[in-house]
Amino acid sequence: MDCLFCKIVAGQIPARKIYEDDQVIAFHDIGPQAPVHFLVIPKRHIATLNDLGEDDRPLAGHILFTAQRLARELGCEEGFRVAMNCNELGGQTVYHIHMHVLGQRQMHWPPG
Ligand code: 5GP
Ligand code: ZN
């Protein structure tokens, strides 16, 4: 298994886990870009957003609502950002999809 996030799912690499169920896990980003910065990922390996299929609609919704709920629970209800980078041009560095959730600082647009 080459994928870093699959290794986190399997417990082979430690992570500061926030939430886990049968479909997703959420854990703090190792290089936080905001006071709150965590990732929500599917347990199943999906390399990029381009690889998400029609059958994955419930999973995609579950990732989004998990992000929303955890953002609230971590004190970000006033405002936060979610982001999913796709491929090199989109700034993706880990090829197992993950939704970034960043909060507790002022965000700006465009992100650069
Ligand atoms: P991407 O650039 O692919 O959208 O985001 C990958 C994110 O994964 C980065 O924010 C990076 O800090 C985070 N990351 C990379 N390796 C690890 C790791 O081993 N553990 C954790 N918790 N986060 C990681
Ligand atoms: Zn993976």
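Colleague: Where in the fold is the place of Asn-87?

Modeller: Asn-87 is in the loop between β4 (80–83) and β5, where helices (H or I, at least four residues) and strands (E, at least two) are DSSP runs numbered from the N terminus. This is a predicted model, in which local features need pLDDT of at least 70 and side-chain atom pairs count only at pLDDT 80 or more, while totals for chains, interfaces and linings use all residues, and side-chain values use heavy atoms, with hydrogens and water left out. Residues are numbered from 1 along each chain as its sequence is written, and chains are lettered from A and ligands numbered from 1 in the order in which they are written.

Colleague: What is phi of Asn-87, and which residues does a cis peptide bond join?

Modeller: For Asn-87, phi is near 65°, a positive value in a residue other than glycine. The cis bond joins Trp-109 and Pro-110, with omega about 5°, and Pro-110 belongs to the segment after β5 (99–103).

Colleague: How many residues surround ligand 1?

Modeller: A residue is near a molecule if one of its heavy atoms lies within 4 Å of it. Here 16 residues surround ligand 1, the closest being Asp-29, Asn-85, Thr-93, His-98 and His-100. By class the shell has seven nonpolar, eight polar and one charged residues, with Ala, Val, Leu, Ile, Met, Phe, Trp, Tyr, Cys and Pro counted as nonpolar, Asp, Glu, Lys and Arg as charged, and the others, Gly among them, as polar. Both α1 (4–9) and β2 (24–28) supply at least two shell residues, and the largest share, three residues, comes from α1.

Colleague: Which side chain places a polar atom 2.8 Å from an oxygen atom of ligand 1?

Modeller: That polar side-chain atom belongs to His-100, and such a polar contact is a pair of N or O atoms within 3.5 Å. From the backbone, a polar atom of Thr-93 is 2.7 Å from a ligand 1 oxygen, and an N or O atom of Gly-91 lies 3.1 Å from an oxygen of ligand 1. The protein covers 81% of the 520 Å² of accessible area (Shrake-Rupley method, 1.4 Å probe) that ligand 1 has on its own.

Note on methods: A polar contact is a pair of N or O atoms within 3.5 Å; within protein, one must be able to donate a hydrogen and the other to accept it, and residues adjacent in sequence count only if both atoms are side-chain atoms.
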